[in-house]
Every structure is written in C-alpha cells, then in structure tokens.
Amino acid sequence: MPFGEEEKSEDWRKGANRSIFFITCFFSFLFFGLIAYIAWFIYFEAPGRMGNPYNARMEVFDSRYLRGKIISSDGEILAETEVDANGKETRVYPFGEAFAHVLGYSTRGKTGLESLANFYLMESSSNPFSIFLDELRERKSQGDNVTCTLDSGLQIAAKNALGERAGAVVCMEPSTGRVLAMVSFPGFDPNTVSREWEDLTSPDNHSGNLLNRATQGLYPPGSTFKTVMALEYFREHPGNPEAFHFVCDGEYREGSRQDYVVHCYSGESHGEEDLGKAYAYSCNAAFAYLGTKTDPEKLRELSDSLFFNEELPIALPSAKSSMPVSKDTGTWLMMQSAIGQGEILVSPMHNLLITSAIANDGVLREPVFLEKVSSPAGMTVKPFTAGRPRRLMRAEEAELLKNFMRRVVTDGTGSGFRNAEYSACGKTGSAEYMKRGEKKTDAWFTGFAPADEPTIAITVLVEDGDTGGRTAVPIAREVVDYWMSRKAQ
Amino acid sequence: MVNLFITTGKYICILLVLLYTYSNFRCIRLRGGEEHEALLGWQYRIILLMQFLCHFIIFFRTENRASLVLYGLQVIFFSAYPFLMKKAYPKADGLLLNNICFFLSIGMIMLERLDYSKAVRQFAIILISMVPGMLLPFLMSRLGDLSRWRLFFCIVGILMLFSVFLLGAVSYGARMSLSFFGFSFHASEFVKISFVFCMAGMLPRARTFKDILLCSLAAAAHILILVMCRDLGSALIFFLSFVAMLYVATGQLFYLAAAGGMLFFAGILSYRLFSHVRTRVFAWIDPWADIDNKGYQITQSLFAIGTGGFLGLGLFRGLPNKIPIVEKDFIFSAISEEMGGITAICLCLVCLGCFMKMMQAASFSDKRFEKIVAVGLAVQYILQVFLTIGGAVKFIPSTGVTLPFVSYGGSSITASFLVFSIIQALFIKNPETGWAEDNEEDWEIWDEEEHPFGKRRRRMDGYWDEDDIDDLIENWEESGDVFWKNRVRKSYGKKSYGRNHFRRQRGEWDEYYEDRPDDRNDYNTRRGRVPWDDDGPRGRWR
C-alpha cells in the first residue's frame, strides 16, 4: 500500500485508536495511584513525621497557635501552656518529675510525647470562625489537645513504688498495646529543665538524668532471658515440650571443660526438674545445660524475630537490644547466654513487649502512646487505633509460657505475688555484672495479671538491687495491686 | 490583618481551583456545545480572579510596588494570549489555552513568592516564547507534509544532543545544558519534539521488522547520547515516548512487553553504573535515615507537603525556600505547602486533563503521522509531569525533570509552548465537532463514529439535498426510529439556506472544500453517490 493512501486504512485507524485509548487509561490509573499516594501521605503518614526536629516549619506553627495540652487517659492535665499578662508563654507540667521522661520537654528541643504529638499540639481544629476572630484580634488560637494512653494514677503509683532507686517501671495493656505508665529514675523536673540544663548535661553528672531507662537503658536480662530459652526449646522440640529432664545439684559443669561451670543462685540445688520447674525456680544449672544443647543459629533466628538486634516497634526513641550469638559462639558463651548473662543486653521496654505478647496469646500489640486528638472545645478530631497486631509465637507456645510464668508465682521465685487476690504471672531475674570492680545485681521482674484475661503487663528493673524476687517483685506488686483495685471499682 | 487576607485568600483559591478542575473534566466530556463554551468562559474568569487574589496578598506582604507592575503586565498577557490565539485560529482548542494560562499563572504566583527577580525573568521568557508558539500552527499548515523531513529531524536531534555531550555544563550529576551568552539552553527539551517528528515520520513507513529495527536504532542513538550525558530522566522520557509511538503505529503488545523487559534491565544497569542514581534510589527508599545528607532534598520536600496538609499554610506562611532547587524540580512541593494539598492534587488532575485532550487530538486525526506525533508529545508531557510530581512526593525516585509551564526555566517554557501549539495545530486541522459553529445556517447531516472517547460527530457533506432531508425527517417521525434523529442537526426547522448549501447546489465543490481539505478524499471517492445506496448505515434506509 503506497504511503499516500494510508489515511483510508480504516482498520489501522481503529487499531491505533484502541492503542491510544489503552495508553490514556494506563496513565490515568498511574495518576490515580499518584494522587491516592499523595492523599495517603498527607493524611496518614505526614502527621507522624512532621514533628521531626529537622522540620523547621514547626517553628512557624509556634507563632500561630498556642501549644495544646497533653492530657492523661484519666483526664488529668499533664502539660499545658500558660500565658501571663505580658503574653509570655510557659510550658507547665503539673506532675513535675513523675512524667519527666515519657512526656519529655519542649524547651530544649523536643523529646518524648512532646515530640511525638508535636504536629497535633501545634495545629488547631477549632472552628474556622473562631480562628478567624482570633486572627482579627491578632491573638494566637489555641492548639489541639492530645490525650495520651498514660494513666496518671498508675504512673504515680509506679513512681512511688520505685522510690529513689535507679531503674524503670513500664506498664502496658497487652490486648491493645496502650502504654499505661512509664517511669524512669533518676529523672528531672521538666518545669525547670531549661534552667538546670548545664547541671544535667555536665560531664560530672554520671546519674544519667535525661536518659529514659525504660526504653533507652540496656541491661543484661538475667533470668528473664530464660523465657526466650524456653520458647527456643519448644521450637526445637515441637510436639514434645515436656521431654526436658535435668537433675540439679546446684551447679552445672560442661563435661569436657571443668572450668565451664555455672552455679544456681546461692548454690541451691533443685533436684529432679522438668522445664517448667527449672523455669519457676530459675535454675541456672538446668538452663546452662539447655544452652549447650541449643542450636545457636536457631536461637539467633528466634531472638531476631523477637526484636533483638533491631529497633523496637515503638514511637519513642529506643535502644537496640543486642543478642550477638552466632553459629561460631562457643559452649561457654552459650551457657552464659542461656541464663541471660554473656553479652546479651535488653531494655525494659523490650522485655515488656515479649511478656505482653505471651499475655495476649502470642500476639503482640505494638505499643501506642496516643489515644486521640481533640479540638480545644473538646471535639474528637482524630482517634488513634490500638497498636498493630504482630504474631511473635503460636498460641500454644504462649499458653505453655503462661503456665510456666504462673508457676513462677505459685511455686517459685515470684512468691511476692502468691497471696494476691488476682492470679499474677511473671518471671524474675537477677543479672550480675561488674562495675568498677564491684559485683552488682540488676533486679528484674516482668509479668502480667490476671492470668486468664490480662489487663496489665508490667516490667520492673532496679539497678544495683538485690535479687529480682526481693527487690523488683514488691515494686511490681504495689503497682499491679493499685491497678487491680482501680479496675475493681 | 495580612494574616486574615492570607487565610481567606487561601480558602477561596482552593475553592476556585476545585471549580476549575471540575470544569476541566466537564469540558472534556462535553466536547463542544454552548455549555462547553460557557464553561471555558468561567474557567478564564477563575484564572483571573485567582491571580488577582494572590497578587493582592503578595503586594500586601511584600509591599513591593514593582510587583503591581508585573501583575498589570500579567493581566494584559493573560487577556491577550487566548484572545489572539482564538482570533488567529478560531478552531483552536479553548480548554488547552485555558490550561496553559492556569499553569502559567500558578507558576508565576509561586515564583513571585519564592524569588521576585526570577519571576520577572520567567515572565520575559513567557512573553518571548509565546510568539513562536503562536506562529507554529500557521507554519505547520504551510510546510505541508512534515513527515518528509524525518531524516532532517533525526540528524538535527542527534547533533544537538551530541553537542550537549561535548560542550554541555554539568549540574547535579548530569550534563544537560549549553550556555550561550549567559543563557543556558536545555537542548533535550527541544530535541524531544524533533524526536517525535522524526519517529512519526519513520514509523508509519515501516512495513517490515527490519524497518522497525531501523527506527529503533535511530531512537537508541538519541537515548544513548542522553545516557552518556547522564540525563537519565530525559532518556526515560525519550524511551517511553518511543515505545508508546511504536505501540500505536504497530498495535502490537509484544513491543510493550519487550520495552518493559529492557527498562527493567536498564534500571538495574544504571543503578550499578551511576553513583547519582544510587544516591537517589537510597534517598527514595528511606530518606528519613539520612536527613542531613542524601535524603535532605526529598525530606525537605516531604516536610513541605506534609506540614502544608490538604489546606496549605497560605502564601508566605511556609518555608518553601528550604527545599533546594524549589523553583524547578520541586515547585510542586512549594505549591502544596502554601496553596494546599488539594490545590496540588487538582494541579495533577488538570495535567491529566491536558494529556487526555492531547490523546483526543491524536484519535481525532485520521493521518498516521499526526496521530503518532500527538501520542508522542502527549506521553512525553504526562511522563514529565509524573516524574516531577512523583519525585517530589517520593512516589518514585526523583529524576530532576521540570513541571511544564509551572517550573522556572526558559527552555522548559519555550518547549512546552511549542508542544501545546503542535497539538493546537492538530485541533485546528481536525476540529473535534462542528457544534461550535452554531451560526451556520444550513442543513447538516452528521455521521457518528464509535470512538474510544465516546462518539465523534463528523459532518457528511456534499451529497444531501432538501428532499433527502425531508425524507429523513418524515421517516423517523413515522417509524419512531431514533437512529437518524441524532444525525440531523436540530436546526432543521430554520429552513434557511446558507452559503454552503448554494455552493453544493451549484456544484462548487472546490470552494466548499477549500477549508476542509481532509474531507476532500471522502468526497472524491463518493461523488455522485448517496451514501446509503450501498454502504448505508446498518442498512436501515431504503
């Protein structure tokens, strides 16, 4: 067909029109995807990102809106901005030191919830008319208020229970992931943090006042790591979790090397044990033996799936827990690791997450701190959902561990909870370490209550304490008692 | 008080942009008619009103007298440009003209807010580049069959790209522009157009696979030089527009699949070869991990968009200048930050509307060359928009392309004017319907053609006389057959005869077809026959 007559080719024209239509559809869909992404970004992704300290625009908001209040889930004001007669603004924290780390501060940069909720606190959802009026009067409009999941009563109970000992207490609701309390000591007073800044950050200050020990402190987990070891045992012996048998005479020696020896706490001997009993009495010998029988690579795989060596799924800054076992790890280190000594380090928050997953049938609800954003008039602008679910272990595994943790309270080291009106479950831990030539012990307790439908999961850590059972359990008891009495009302 | 203006202005602008976007798609759907014309008028008013509001705010905020002068000049430009175009080419597409004004005015507003001196420069460029844009449709009609020039376009394109490779200046890792007397000149913006002409000339002549390989070779030469210049964004645009043209010319899905495969490997290869590609991909995957360094630009852009939210912060109340090269690659983020996410999304939609209009021009044309030219240009345009916006919002890795008519930059503006003028030339040649000429007093019978964008009405001139029409009307009234009803224009009741009627009566076909050269073919083949005798529509008539 000569070129000049091509216009007559009806078929070609129809085919080309079809192709044209197809291309148009393709790009239209591409653009709808793009637009959906932009809308998703602005609505869902951006609010969580914009509080970033690199975002200079937040300062612009400062000049437009009066920073909103942070309110606890039981309705107490945790932070608010007051304006005096001269128009000078001060951020006031009525509870002072009690909420220091988790609330953070907003004067020297922004930390804690002040940073997390920054975007919402600096926006205003008042009705446009009142903003309009405020603008007419050249007055700042009130920013939105943010309700957080923290419970002021529980927080203060935890603060009082911990007292003047360095350490941390964290509580959350396993079924939703709502963080109920987060205390760290020593702390600071956010009302005066700006004035005391030099002191707090001076190199002579070794107490780490600004450090949120609950999320950023790393400690050897001690016996609380036995939970992971028990889970590893279930994984390696599927269908036969009861097969473990060990006779404890107060110590365990690895056959070939006589210097590879692990003692039970204060040389106690526990006699014939299954895994549950060894767990309940926190028998080091049995777990050291278990450590020698465990495949290091599989243990590493399991711990990686439990957030070791990676960021915790929480919105506040946190430290990465470390668990450096690999296939080259020798027997001695495996024995040590099995009882949570060795080179393993965890944060209290991390232990709480594992406990909370056990309490919630193996499903971790990722911790959340924010409940809702409401306009200054009290209308809910944006509710936050419960934490995303993530399955960490099978329900049967969680059930077994739950029974183990129950036995800790009924038979073993968690005896501090034995006479409680509710059925608590938990695991104690006493991690020994050397500091400036002195042998010190970090006392742990991590657990939940009540056993059948847990409403609270708690982790207590006390630096330089006695054993977990003697130091951490009473603190946990006090806090959980308070919570249960609140629930009973 | 200024704050109040800014807030009120912001909301009104969002409303206006929403209305504009709606009318844009409504116009595409209507395709002619009185409502279409009325909507175009309203669109034009919306642009002027928006311009007024924003300049009011700009003046109050900056109190720069010169900005008032610039505003005055802009008002003159935005009144004169569509008016002159419509005067010179009555069949030019009003929607595209309006959209050009819309993009230019938003771009100018944002530039004035970002950097006044650049805005002045930009306006001068707009004024200058408007002229070739206006002349182009006329020139194209005079030059005759442009597909004969295919080799010329090919050689000129390759030479221009090659000179950039030899002499060009490097910016942001890519060798993109030539400098003449202080003006930087982005050759690839213009070679894009010559490339499309060259391919549109070659592809319809390709009868065998060997011919197609030759075409691909010519395209590959363009693309490889661009890759050597490390201008991968342009290379991608050239490649994909070539694939689209090839697909339209051959209709074979095989080529699309092959191109997809090649793109995949080219992507991996360029990731391996070029460090600036790796940097951009890293910045795309997780910019938040390295805000200080690799992710700086994209996170600043995201901060701008996210902080602005759907409603925007209002002009002068954000910090768009924090984004590096905001006036070129990231103008979208600045618009989203200060004028609102809704405005930005509407901007995307208006761009999509332009693309649809261009594709419409492609499908209305009966000539292969014209069809392929329109497809090539349309795909290049929409890709450019997609790469810019997608890069700014982190939908895809950023590629360093500009937003046509909105971004700052002389070559980009001039080339965009040329592209839109070429599309206008197609509309002028093949007006989509005759409905717009309401004043023509004549019997007109319309043939409807099934078409991907709905039905297209084409006038079937030349073989009707009064009796035929009476027959038609009578018959459909009797039989209740609505088929023909749609085909006889409603003005039949006027019973007055126009110029064309008498021309037809006298048999003065040549005069009649003077301004309808495309219908001549139809006429010549069917002279003396009544169409329904042999190939009448569905055999319903006689």
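1. Let's start at V479(A). Setting aside neighbours within four places in sequence, V479(A) is in contact with L154(A), A157(A), A158(A), A161(A), V169(A), C171(A) and I458(A). Keep in mind throughout that this is a predicted model.

2. V479(A) is among the residues with the most contacts inside the largest nonpolar core, along with V169(A), C171(A) and M199(B). That core has 273 residues. The biggest giver is helix α14 of chain B (residues 341-364), which puts in 17 residues. Domain 1 (1-137 + 286-431) and domain 2 (145-273) of chain B each contribute at least three residues to this core. As background, nonpolar side chains tend to be buried together in soluble globular proteins.

3. Next, strand β18 of chain A, residues 438-449. Is β18(A) enclosed or open? Nine of its twelve residues are buried, so β18(A) is largely enclosed by the rest of the structure.

4. What does β18(A) pair with? On one account there is strand β17 of chain A (residues 425-435), which runs antiparallel to β18(A) and is joined to it by eleven bridges.

5. The hairpin from β18(A) to β19(A) passes through six residues.

6. On to the chain A/chain B contact. How many residues of each chain take part? The count is 34 residues of chain A in contact with 47 residues of chain B. On the chain A side, α1 (10-49), α2 (57-62) and α6 (128-136) each supply at least two residues. Of the elements on that side, α1(A) gives the most, with 23 residues.

7. Last, a helix to look at in chain B: α2, residues 34-62. This helix has 29 residues and reaches 42 Å from first C-alpha to last, close to the 42 Å expected at 1.5 Å a residue. Just after α2(B) comes E63(B), with a positive phi of about 50°. For reading any α-helix: there are 3.6 residues a turn, so residues three or four places apart point the same way.

How values were computed:
Residues are numbered from 1 along each chain as its sequence is written. Chains are lettered from A and ligands numbered from 1 in the order in which they are written. This is a predicted model: local features need pLDDT of at least 70, side-chain atom pairs count only at pLDDT 80 or more; totals for chains, interfaces and linings use all residues. Helices (H or I, at least four residues) and strands (E, at least two) are DSSP runs, numbered from the N terminus. The expected span of a helix is 1.5 Å times one less than its number of residues. A nonpolar core is a set of buried Ala, Val, Leu, Ile, Met, Phe, Trp, Tyr and Cys residues joined through C-beta atoms within 7 Å. A residue is buried if 20 or more other C-beta atoms lie within 10 Å of its own, exposed if 12 or fewer, and partly exposed in between; C-beta atoms are placed from the backbone. Domain bounds come from an automatic or database domain assignment. Two residues are in contact if their C-beta atoms, placed from the backbone, lie within 7 Å. Two strands pair if DSSP finds at least two bridges between them.
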